[in-house]
Amino acid sequence: MKPETVALLSTHYYDRNAGALAPPIYLSTTFERDADGSFKHGYLYARNANPNRDSLERSLTALEGGFATAAYASGQAATMNLFLALAPGDHVLIPTDAYYGTPALLEELMHPWGLTYTRVDMTDLAAVQAAMHENTRVVWVETPSNPLLKIADIQAIANIAHAGGAICVCDNTWATPILQRPLDLGCDVVMHATTKYFGGHSDVLGGALVFKEDSKLYQRIRRLQSVGGAVPSPFECWLVLRGIKTLVARVRMQTETAGKVAEFLAQHPHVEAVHYPGLESHLGHEIAKKQMTGYGAMLSIQVRGGADDAIRVAAKVQVFTRATSLGGVESLIEHRASVEGPNSQTPPNLLRMSIGLEHADDLIFDLKRALE
């Protein structure tokens, strides 16, 4: 079935009690045993499983075309559980351009615990191959990358990972399964911050790991999910499921608008560079064209000048909102280096934008006024 249909059918709830179309929220933390000590409904305790979380996990699995999903309280919790499933002494390969929370997690928490990691330009396949170690267990791909929107060849990197005895994990948060399905391209696991496009309204925190097949790693993750307890609440699961119902419509409209905004910015004299894979001038355009069905609703620009010039542009917008995060219905803009702090590798004149559901003409006019 097409994604529009999958998004709706996978979130549909069959209510035997009242025939309600919207699913109820199961707030119970514990569930009744039968007289013989069994659990006929399959639920013991909310940290282990909950009907709302089960529904969310089934929907995410269907959308990504996987075997099973483990849902978490945040994208960072999902990423941390993946790394915790490894062993001290294992090695992880991550992109040089990645969501700043991923290397921060590795450096501040996982490296002292015993993991080692290397950052490499994932657009350079020779560099990826050269960075593989004998003890490399995970090759982490993020494409499009945050915040420079670099495009990595998922299939080629998955092949390198598997040849070296590692698994390939893709952070697919920016693309969503509507625009890109990494499991179909050879990846073993997909990570999502469901806070973003799945929730879609900037009002819920969540994350997920979607697995291509059953494995020892999947079973280990399930145990960590239950014992560690970094699970989303029933209400958070309910909110993300509600967001999924409109996911396809939102992502496609936002992507169309982002393309128009990128084209405008690419011609503006006060813009030094536009980072958007939908532009033919983008270095990763051909790879994106091959592995994506759309180029997404995220873009970054480098304003001519320095950090102060970029911050002044962000200060002048009226339709965009100056805020962190992405994937919501409202358009956001932020000076990324300021958010990432003193160790940021992001160009100081870069502004990152998340395109929402406003009309393209209004967003373009807002940016034109701010830039001039």
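Me: Is S145 buried or exposed in this predicted model?
Reply: In this structure, which is a predicted model, the relative accessible area of S145 comes to 2%. Since buried means under 20% relative accessible area, S145 is buried.

Me: Where in the chain is the place of S145, and which residue has its backbone nitrogen 2.8 Å from a polar atom of the S145 side chain?
Reply: S145 sits in the loop between β4 (136-142) and α6 (154-163). Leaving aside residues up to four places away in sequence, S145 touches D97, K150 and W174. One of these contacts, K150, has its backbone nitrogen 2.8 Å from a polar atom of the side chain of S145, and so the residue asked for is K150.

Me: Is the aromatic pair of F67 and Y218 stacked, tilted or edge-to-face?
Reply: A pair of aromatic rings is described by the distance of the centres and the angle of the planes. The count of aromatic pairs comes to six, and among them is the pair of F67 and Y218, with 5.4 Å centre to centre and 85° between the planes. Because planes over 60 degrees apart count this way, the pair of F67 and Y218 is edge-to-face.

Me: How many residues apart are F67 and Y218, which link distant parts of the chain?
Reply: F67 lies in the loop between α2 (51-64) and β1 (68-72), while Y218 lies in helix α8 (residues 216-228). F67 is partly exposed, with a relative accessible area of 40%, whereas Y218 counts as buried at 8%. The pair links parts of the chain that are 151 residues apart.

Me: Which parts of the structure does the pair of F83 and W140 tie together?
Reply: F83 and W140 form a tilted aromatic pair, with 5.5 Å centre to centre and 45° between the planes, and both residues are buried. Their positions are 57 residues apart in sequence, so the pair ties together helix α3 (residues 75-84), where F83 lies, and strand β4, where W140 lies.

Me: Which element gives the most to the lining of the largest pocket?
Reply: The largest pocket has a volume of about 650 Å³, and of the 25 residues that line this pocket, the closest to its centre are Y13, R16, Y26, Y43 and P51. By class, the lining has 11 nonpolar, eight polar and six charged residues. With five residues, the element that gives the most to this lining is α2.

Note on methods
Residues are numbered from 1 along each chain as its sequence is written. This is a predicted model: local features need pLDDT of at least 70, side-chain atom pairs count only at pLDDT 80 or more; totals for chains, interfaces and linings use all residues. Side-chain values use heavy atoms; hydrogens and water are left out. Helices (H or I, at least four residues) and strands (E, at least two) are DSSP runs, numbered from the N terminus. Buried means under 20% relative accessible area, exposed over 50%, partly exposed in between (1.4 Å probe, protein chains only). A polar contact is a pair of N or O atoms within 3.5 Å; within protein, one must be able to donate a hydrogen and the other to accept it, and residues adjacent in sequence count only if both atoms are side-chain atoms. Contact means heavy atoms within 4.5 Å. Rings of Phe, Tyr and Trp (its six-membered ring) pair if their centres lie within 6.5 Å; planes under 30 degrees apart count as stacked, over 60 as edge-to-face and the rest as tilted. On a 1 Å grid over the protein atoms alone, a cavity is a set of points where a 1.4 Å probe fits but cannot get out, and a pocket is an open set with protein on both sides within 12 Å along at least five of seven lines; lining residues have an atom within 4 Å of a point. Grid points are joined across faces, edges and corners, and a volume is the space filled by probe spheres set on the points. Ala, Val, Leu, Ile, Met, Phe, Trp, Tyr, Cys and Pro count as nonpolar, Asp, Glu, Lys and Arg as charged, and the others, Gly among them, as polar.
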